[in-house]
Amino acid sequence: MFPSVTVRSARRLAVALTLAALAAPAGAHAQGCANTHVEPSRANLEAVRAAVLCLHNAERARHRLPPLRENPRLRRAAERHASHMVGAHFFDHTDPAGATMLDRIRRAG
C-alpha cells in the first residue's frame with residue numbers, strides 16, 4: 001500500500017506532522033519553548049517531546065487552563081498505536097478493529 005515508506009520514515013513523518021499541527025502560538029518562543037523548529041530524529045526525541053509539551057502548555061496558558069505533564073503510560077500507548085498504524089497501513093485515531101483513543105487511554109490506566 002505504501003511501498004516507498006519505511007517504518008522509520010513513517011514515524012518521522014508522524015512526528016513532523018504532529019509538530020506542524022502544533023505550530024507555535026504567538027509568543028511561545030518568548031515563553032521559553034526551545035527546539036520548536038528542529039527536525040525530529042532519534043537523537044533529539046526528548047527535546048522534541050519537551051517542545052511539543054511546552055507549545056501545548058503555552059496555548060493552554062493563553063486560555064487560563066492548567067498545564068499538562070507527561071504521562072509515561074499514555075506515551076507508551078501512543079507509541080504502540082503509532083507503530084500499529086505504520087505496520088497496518090492506516091492513519092486514524094480508531095484502529096481497523098474499532099478500538100478508539102479512549103479505549104487505549106483506559107487500557108493504559
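**Close-up views of a predicted model**

**View 1. Helix H4 supplies the largest share of the nonpolar patch, 3 residues.** The patch is formed by Leu-74, Met-101, Leu-102 and Ile-105.

View 2. Is Leu-74 buried, exposed or partly exposed? Leu-74 is classed as partly exposed because its relative accessibility is 36%, which falls between the 20% and 50% cut-offs.

**View 3. Arg-104 is a buried residue without a salt bridge.** Let us return to helix H4, which spans residues 101-108 and includes Arg-104. Which side chain of opposite charge is nearest to Arg-104? That is Asp-95, 5.0 Å away, while a salt bridge calls for a side-chain nitrogen within 4 Å of a carboxyl oxygen. Leaving aside residues up to four places away in sequence, Arg-104 touches Ala-77, His-81, His-93 and Ala-99.

**View 4. Asn-57 is buried in helix H2.** Here we move to helix H2, made up of residues 45-62, where Asn-57 has its place. Why does Asn-57 count as buried? Its relative accessible area is 17%, so Asn-57 comes in under the 20% limit. Look also for Pro-67 and Leu-68 in this view: Asn-57 touches both, with residues up to four places away in sequence not counted.

Technical notes:
Residues are numbered from 1 along each chain as its sequence is written. This is a predicted model: local features need pLDDT of at least 70, side-chain atom pairs count only at pLDDT 80 or more; totals for chains, interfaces and linings use all residues. Side-chain values use heavy atoms; hydrogens and water are left out. Helices (H or I, at least four residues) and strands (E, at least two) are DSSP runs, numbered from the N terminus. Buried means under 20% relative accessible area, exposed over 50%, partly exposed in between (1.4 Å probe, protein chains only). Lys and Arg count as positive and Asp and Glu as negative; His and the chain ends are not counted. Contact means heavy atoms within 4.5 Å. Patches are made of residues with over 30% relative accessible area and no salt bridge: like charges are joined within 9 Å, nonpolar side chains (Val, Leu, Ile, Met, Phe, Trp, Tyr) within 5 Å. Accessible areas come from the Shrake-Rupley method with a 1.4 Å probe; for residues, only the protein chains shown count as cover.
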